[in-house]
Amino acid sequence: DSGGQADLGQVLRSAADRFRPQFATDGRSFQCELPSGLGFVAADPVLLAQVVDSLLANAADATEPGQRITLTAGRRGREAWVSVEDTGAGIAPQHLADVFKPFFTTKPRGLGLGLNLVKRLVERQGGRVDLDSRVGEGTRVTLQLPLQHSSR
């Protein structure tokens, strides 16, 4: 169950293009730093796009106008990494352990599928998710994904 392969740069650029107008309308500063040649990762492109969309939507929810959201990516050895960082409210230490549980949410209308689903999808592809958050400073979510050695 490899679920195919995704051109990581293409998936991330498409996500950035989807969110950029909304971030601008909402007064969020959006920085997107994506090197070329990120390569292919072992993931279904549609699912990977949903994962990235979910992280960007979370960042939008966590920030106020004037705050910054950053999308960056790169390669390290046999892995690619993707990082979504915001300068928003952050997550309280007592909630950090809960954010990956199904249906946990601090949002009034949230379903709580976000990070739990993200973690499941990423781990199913042999990757992992790291979350670093400080109250009042912001949150960074980093995905590590195994690179595919594409032989198309």
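Reader: Which element gives the largest share of the lining of the largest cavity?
Author: Helix α2 does, with 3 residues. Helices here are DSSP runs of H or I with at least four residues, strands are E runs of at least two, and both are numbered from the N terminus. A lining residue has an atom within 4 Å of a cavity point, and a cavity is a set of points on a 1 Å grid where a 1.4 Å probe fits but cannot get out.

Reader: What sort of model is this, and how are residues numbered?
Author: The model is predicted, with local features needing pLDDT of at least 70 and side-chain atom pairs pLDDT 80 or more, while totals for chains, interfaces and linings use all residues. Numbering starts from 1 along each chain as its sequence is written, and side-chain values use heavy atoms, without hydrogens or water.

Reader: How many cavities of 30 Å³ or more are there?
Author: There is 1. The space in the largest cavity is about 60 Å³, taking volume as what is filled by probe spheres set on the grid points.

Reader: Which residues line the largest cavity?
Author: A43, D44, L47, L48, V51, L121, V122, Q125 and L145. Two elements, α2 (45-62) and α4 (114-124), each give two or more residues to that lining.

Reader: Stay with α4. Which of its residues are buried?
Author: L115, N116, V118, L121 and V122 are buried in α4, buried being under 20% relative accessible area, exposed over 50% and partly exposed in between, with a 1.4 Å probe and protein chains only. L121 and V122 also belong to the cavity lining.

Reader: What covers those buried residues?
Author: The cover includes α2, β6 (128-134) and β7. Just after α4, G126 has a positive phi of about 85°.

Reader: Changing topic: how many helices and strands in total?
Author: The protein has 4 helices and 7 strands. Their order from the N terminus is β-α-β-β-α-β-β-α-α-β-β.

Reader: What percentage of the protein's residues count as buried?
Author: Of the 152 residues, 42% do. Among contacts (heavy atoms within 4.5 Å) between residues at least 6 apart in sequence, 70% join residues at least 24 apart.

Reader: How many residues in the largest nonpolar core?
Author: 39, and those with the most contacts inside the core are L8, L12, V41, L48, L56, L71 and L143. Such a core is a set of buried Ala, Val, Leu, Ile, Met, Phe, Trp, Tyr and Cys residues joined through side-chain atoms within 4.5 Å.

Reader: Which element gives the largest share of this core?
Author: That is α2, with 8 residues. The elements giving two or more residues to the core are α1 (8-25), α2, β4 (68-76), β5 (79-86), α4 and β7 (138-148).

Reader: You listed L56. What is L56 in contact with?
Author: Apart from neighbours within four places in sequence, L56 is in contact with A15, F19, F23, F30, I69 and V84.

Reader: And T70, why does T70 count as buried?
Author: T70 counts as buried because its relative accessibility is 12%. T70 sits in strand β4, and beyond neighbours within four places in sequence its contacts are Q31, S83, V84 and E85.

Reader: Last one: where is Q22?
Author: Q22 is in helix α1 and counts as partly exposed, at 44% relative accessibility. Q22 and A60 are 38 residues apart in sequence, and 9.1 Å apart in space, C-alpha to C-alpha.

Terms used
On a 1 Å grid over the protein atoms alone, a cavity is a set of points where a 1.4 Å probe fits but cannot get out, and a pocket is an open set with protein on both sides within 12 Å along at least five of seven lines; lining residues have an atom within 4 Å of a point.
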